[in-house]
Amino acid sequence: MRNIELNFQRLSSLEYSIEKVFRDASYDWPGDWEGRALLAFCCHYEISKKAIPCMHLMMQALPKTTNAKSYFGKEFDGETVDEQQLSGHNWYLRGLLKYALLFNSDFAMQAAKSTVENLYLPAMAWYDSYPLERNHLTGGVSGNVIGMQNGWKLSSDVGCAFMCVDALAHYYAATNDERVKQFLDKAIDLFATIDLVQYKFQTHTTLTCTRGILKLYESTGDKKYLLLAEKVLKTYTMYGMTLTYENFNWFGREDTWTEPCAVVDSFILATELYKITGERKYLTLSRRIWFNGLQFCQRENGGAGLIAPPDNRCDK
């Protein structure tokens, strides 16, 4: 209960106020901060039934802060795909869906539908040309745009175009929209063929995508999704996890950093796989991640982050 109260105080602070919760046009992760904030507000309400002051105000402000299609950043023009926009809107879509569920909000559901219809579905065809070979791989803790290839505006967070599998799997579970199922299968089929270590995928985006794959298994009962989720988690524990059950930011690069986002992902995956399969190896893994990885990341204010954090998206 103490952590829940600390979390309420943190999410009620100035950083998450209606005056600061929306990023300006120069922010190159459209929808990311806003989406994570909205999802955090909704998840906190779900467990405590206490509304963060900004939560409803944020929803009321969306028509003035999003584009004409109800999402953040530039509207999709059919010529360029911004993978950081696709990635950031994973959290925005998750937040909208959670708000719609909690408050029976037609507005939130319509905003979610518009985001899917006007951002994600038009981008589906572009996954055929998603670049795996990058000209160079540099990037800060927050990730940044590193160039253009095949019409894709690419991120140093390699693979972040696959982050949206998570939100779209939740959207499919809520709507049974077969067009979204086609998108998911296209993205997942491609994801399943990629050597994550060779192409140095970011571990956070890899695990979030895998959470979506597991969600799709729960919706369909198709074991190919379960088997893939187990395979990816095994790859992560072998090549992406530190000896203290945290993460390397990218596969195959031990000179990087760890971040709580991916540690949380790995904990959720291990816990859910234990619930689904009953295999104790997943229970053991989730406990070790909790006590060695997540506990180390916990802060006195109820948040999680690096000990001496830079200014980054993951310090929330």
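The legends below describe close-up views of a predicted model.

**View 1. Cysteines without a disulfide.**
A search of the whole structure turns up zero disulfides. A disulfide needs two cysteine sulfur atoms within 2.5 Å. For Cys43, the closest cysteine sulfur belongs to Cys42 and lies 7.0 Å away, so the two are too far apart for a bond. The closest cysteine sulfur to that of Cys54 is also in Cys42, at 11 Å, which is again too far for a bond.

Cys54 is buried, because its relative accessible area is 4% and buried means under 20%.

**View 2. The pairing of strand 2 with strand 3.**
Strand 2 and strand 3 (residues 152-155) run antiparallel and are joined by four bridges. What is the bridge partner of Val145 in strand 3? The partner of Val145 is Ser155.

**View 3. Gly303 and Asn3.**
Gly303 is located in the segment that follows helix 11 (280-297). With a relative accessible area of 4%, Gly303 is buried. Along the chain, Gly303 and Asn3 are 300 residues apart, yet 8.8 Å separates their C-alpha atoms.

Terms used. Residues numbered from 1 in each chain as written. Predicted model: local features only at pLDDT ≥ 70, side-chain atom pairs only at ≥ 80, totals over all residues. Heavy atoms only, no water. Buried < 20%, exposed > 50% of the residue type's maximum accessible area, 1.4 Å probe, protein only. Pairing = 2+ DSSP bridges. Helix = DSSP H or I, 4+ residues; strand = E, 2+ residues; numbered from the N terminus.
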